[in-house]
Amino acid sequence: MSTATYAGQQVEVNDEGFFVDPAQWNRQMAIEMATADGIELGDRHWQVIEFMRKEYFEKGTGPTVRVLGKSSGVAVKELYELFPKGPAKMAARIAGIPKPKGCI
Amino acid sequence: MNTPTRAPIEKVSIIISKGSLDGIYPGLIMANGARAEGIEANLFFTFFGLDAVHKKRIDHIKVATVGNPGMHIPTLLGGLPGMSALATHMMNRQMEKLDIPPIGEFIEMIGDTGAGMYACKASVDMFKLSEDDFVPQIQEIITVGEFYDRAAGGQIIFT
């Protein structure tokens with residue numbers, strides 16, 4: 001466990017950089033994390049991020065790629081274009097939620 | 001705690017050589033999981049593994065109830081008509097509950113993740129198949145040499 005500073009605030013993150021407490025997250029932090037990963041967040045990115053957070057708060061774990069593809073309004077192919085380093089790894093981290101636990 | 005010197009896996013090439021449900025799913029799950037982690041992935045289908053990408057067979061993949069001690073069914077019972085279909089049905093239902101897609105949908109999804117998917121030329125020739133027999137996600141029929149070429153710089157996993 002360690003801390004990182006985003007948008008001028010200290011937040012707790014795990015070894016892989018995922019937020020420990022998703023409530024500490026805000027949009028400015030997402031923009032900073034995405035920029036560091038070489039991504040400029042557009043409407044489609046936000047749609048994925050907001051869907052992931054909603055799922056996390058409803059179900060206690062982030063959605064699988066399959067669920068994202070079926071229910072977020074962004075298909076699997078586009079998901080990988082938006083987040084080239086993988087939706088599980090990259091999108092969940094930027095969305096400030098723990099890494100999804102599912103295998104699919 | 002991760003040691004900083006541990007090099008992450010950046011690329012995997014997974015060979016699927018069996019045509020049973022339990023022979024196909026592990027490779028698909030590993031390839032899809034790799035892509036979700038941002039790892040480059042190739043799938044190479046050989047021998048009976050070709051059934052996983054064969055248009056007419058993809059929706060009829062079954063689990064073996066004979067010669068499969070993991071099923072815990074006596075061999076004579078496992079050989080009764082309909083046993084394999086029944087076991088397959090039960091297993092598919094359980095997997096759907098776990099959000100694991102049917103093989104056809106899974107192959108489509110893995111194609112959409114940007115993974116490479118190839119059929120083995122020697123097997124294609126042996127079974128007298130052609131490109132038209134395969135789902136569109138199969139990009140190419142390639143030789144073993146071409147497979148090694150595409151696998152260069154990564155790990156190879158045989159299933």
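Q: What makes us say that B:Leu43 is in contact with other residues, and which ones are they, leaving aside its neighbours within four places in sequence?
A: This is a predicted model, and two residues are in contact there if their C-beta atoms, placed from the backbone, lie within 7 Å. B:Leu43 passes that test with B:Ile14, B:Ile16, B:Gly27, B:Ala31, B:Ile110, B:Ala115, B:Gly116 and B:Met117.

Q: What makes a nonpolar core, and which residues have the most contacts inside the largest one?
A: The residues have to be buried, come from a set list of nonpolar types, and be joined through C-beta atoms within 7 Å. The largest such core here has 59 residues. Those with the most contacts inside it are A:Ala91, B:Leu43, B:Phe45, B:Val53 and B:Ala119.

Q: How do you know what span to expect for helix H1 of chain B?
A: Take 1.5 Å times one less than the number of residues. H1(B) covers residues 21-36, which is 16 residues, and the expected span is 22 Å. From its first C-alpha to its last, the helix reaches 22 Å, so it's close to what the rule expects.

Q: Which residues in H1(B) are called buried, and why?
A: A residue is buried if 20 or more other C-beta atoms lie within 10 Å of its own. In H1(B), that label goes to B:Gly23, B:Ile24, B:Tyr25, B:Gly27, B:Leu28, B:Ala31, B:Asn32, B:Ala34, B:Arg35 and B:Ala36.

Q: What do the buried residues of H1(B) pack against?
A: Pieces of both chains! From chain A there are helix H3 (65-71) and helix H5 (87-94). From chain B there are strand S1 (11-16), strand S2 (40-45) and helix H4 (103-112). After H1(B) comes B:Gly38, whose phi is positive, near 80°.

Q: Why does the radius of gyration of chain A agree with a compact globule?
A: With 104 residues, a compact globule would come out near 13 Å, and chain A has 13 Å, so the two agree. Its C-alpha atoms fill a box of roughly 35 × 25 × 20 Å along the principal axes, and 36% of its residues count as buried.

Q: What pattern of elements does each chain follow?
A: Chain A has 5 helices and 2 strands, in the order β-β-α-α-α-α-α. Chain B has 6 helices and 5 strands, running β-α-β-α-α-α-β-α-β-α-β from the N terminus on.

Q: How many residues does each chain bring to the contact between them?
A: Chain A brings 18 residues and chain B brings 16. On the chain A side, H3, helix H4 (76-82) and H5 each supply at least two residues. Sorted by class, that side has 9 nonpolar, 4 polar and 5 charged residues.

Q: What confidence values come with chain B and with the model?
A: On a scale from 0 to 100, the mean pLDDT of chain B is 93, and 97% of its residues reach 70 or more. The model scores ipTM 0.89 and pTM 0.91.

Definitions and conventions:
Residues are numbered from 1 along each chain as its sequence is written. Chains are lettered from A and ligands numbered from 1 in the order in which they are written. This is a predicted model: local features need pLDDT of at least 70, side-chain atom pairs count only at pLDDT 80 or more; totals for chains, interfaces and linings use all residues. Helices (H or I, at least four residues) and strands (E, at least two) are DSSP runs, numbered from the N terminus. The radius of gyration is taken over C-alpha atoms; the globule rule is 2.2 Å times the number of residues to the power 0.38. A residue is buried if 20 or more other C-beta atoms lie within 10 Å of its own, exposed if 12 or fewer, and partly exposed in between; C-beta atoms are placed from the backbone. pLDDT is the predictor's confidence in each residue, from 0 to 100. Ala, Val, Leu, Ile, Met, Phe, Trp, Tyr, Cys and Pro count as nonpolar, Asp, Glu, Lys and Arg as charged, and the others, Gly among them, as polar.
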